[in-house]
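Have a look at the protein chain below before reading on. The report then walks through it piece by piece.

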Amino acid sequence: MTNHNQFLVRFGVFGFGLLFLFVMSFVIVSFGGKFRFVDCPFCSEKFSKEPKDTWVWIYPGLVGCGKKCPLALEALRSFKERFPEIQSSFYFLVTDPSESEEAINSYLAYYQKSIEIKSLRPESEGEIGFYRKLGAYLPIHPSLKQRDEHGTQFFLVPPNRKIMYLIPKLGEKEWLEIQKEIESNVQ
C-alpha cells in the first residue's frame with residue numbers, strides 16, 4: 001500500500017509541474033508579444049541610403065534554397081501587396097559568405113519580378129556575429145549549406161535605424177500587429 005501512495009504523490013507532483021509549466025508558458029506568450037527587438041549598432045550606417053520613412057525588411061536565406069526561402073519571400077511580397085502604403089525596402093541577407101555575386105543575382109532574379117529585393121552581405125565579423133546571435137544561419141563549413149536547413153525569422157528595421165525587430169513568422173496575424181506598430185511609430 002505504501003508503494004501505491006508514493007506513486008500517487010509522485011504522479012501528483014509531476015502533474016502539478018506540467019500544469020505549472022503550461023500556465024507559465026501561456027503567461028509569457030500572452031504578455032511577451034509575438035516579436036521582440038534588439039539594439040542594432042550598425043543599422044543607421046548600413047541603411048543610411050534608404051529614405052528616412054522606410055521600414056527595412058531583412059530575410060536571411062541560402063542562395064539556391066528550395067524550401068523555406070521561396071515561402072518567406074512570398075510572405076514579403078504578400079505583405080507589400082497588402083500594405084502598399086507602408087514604405088518598405090526588402091533585403092535578402094546572404095548567409096553564405098563564399099557565395100558569388102552571379103549566383104546571388106541569378107537566384108534573386110526570379111523574385112525580383114514581383115518584389116524589389118536586394119542582396120545584403122554582412123561586412124564585418126561583428127555584423128556576422130550579430131546575425132548569428134539572432135539565429136541567422138551563416139554556414140561555416142560548405143557541408144552545412146548542403147542541408148538547406150535554416151531559420152525562418154524575419155528582421156525589421158524601423159525608420160529610426162536604432163533597433164531591429166525579430167519576427168518569427170510573417171502571416172496574417174503578424175501583418176496586423178506590424179501594421180499597428182508601424183502606425184504607432186508614425187504618429
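What follows is a short tour, from the overall layout to some individual residues.

## The big picture

First, a word of caution: this is a predicted model. The protein chain has 7 helices and 6 strands.

The 6 strands make up an open sheet with mixed pairing, in the order β1-β6-β5-β2-β3-β4. Its edge strands are β1 (36–39) and β4 (117–120), each of which pairs on one side only. On average, neighbouring strands of this sheet are turned by 30° against each other, direction ignored. As background, strands of a sheet pair through backbone hydrogen bonds, either parallel or antiparallel.

Helix α3 (residues 68–82) lies across β2, β3, β4 and β5. Against β2, helix α3 runs at about 165°.

## Strand β5 and its partners

Let's zoom in on strand β5 (residues 154–157). With strand β2 (residues 55–61) it runs antiparallel, and 3 bridges join the two. V56 has V157 in β5 as its bridge partner. On to strand β6 (residues 163–167): β5 and β6 are also joined by 3 bridges and run antiparallel. Here F155 has L166 in β6 as its bridge partner. The hairpin of β5 and β6 has 5 residues between the strands, and in this hairpin R161 takes a positive phi near 60°.

Which residues of β5 are buried on its two faces? F154 and L156 are on one side, F155 and V157 are on the other, and all are buried, leaving both faces of β5 covered. F155 also turns up in an aromatic cluster, together with F42, F130 and Y131.

## Aromatic pairs

Speaking of rings, the count of aromatic pairs comes to 14. One of them is F79 with F83: the ring centres are 5.0 Å apart and the planes are at 45°, so this pair is tilted. F79 is buried at 0% relative accessibility, and F83 is buried too, with a relative accessible area of 4%.

F92 and Y107 have ring centres 5.7 Å apart and planes at 50°, so they also form a tilted pair. Where do these two sit? F92 lies in strand β3 and Y107 in helix α4 (residues 101–111), so the pair ties together parts that are 15 residues apart in sequence. Both count as buried, F92 because its relative accessibility is 0% and Y107 because its relative accessibility is 12%, with the cut-off for buried being under 20%.

## A serine in strand β3

Last stop: S89, found in strand β3 (residues 88–94). Is S89 buried or exposed? S89 is buried, because its relative accessible area is 10% and buried means under 20%.

And what does S89 touch? Leaving out residues up to four places away in sequence, S89 touches E50, T54, W55, V56, W57 and K118. Among these, V56 is the bridge partner of V157 in β5.

Definitions and conventions: Residues numbered from 1 in each chain as written. Predicted model: local features only at pLDDT ≥ 70, side-chain atom pairs only at ≥ 80, totals over all residues. Heavy atoms only, no water. Helix = DSSP H or I, 4+ residues; strand = E, 2+ residues; numbered from the N terminus. Buried < 20%, exposed > 50% of the residue type's maximum accessible area, 1.4 Å probe, protein only. Contact = heavy atoms within 4.5 Å. Phe/Tyr/Trp six-rings, centres within 6.5 Å; stacked < 30°, edge-to-face > 60°. Pairing = 2+ DSSP bridges. Axes fitted to C-alpha atoms, helices over the stretch in contact; angles between N-to-C directions.
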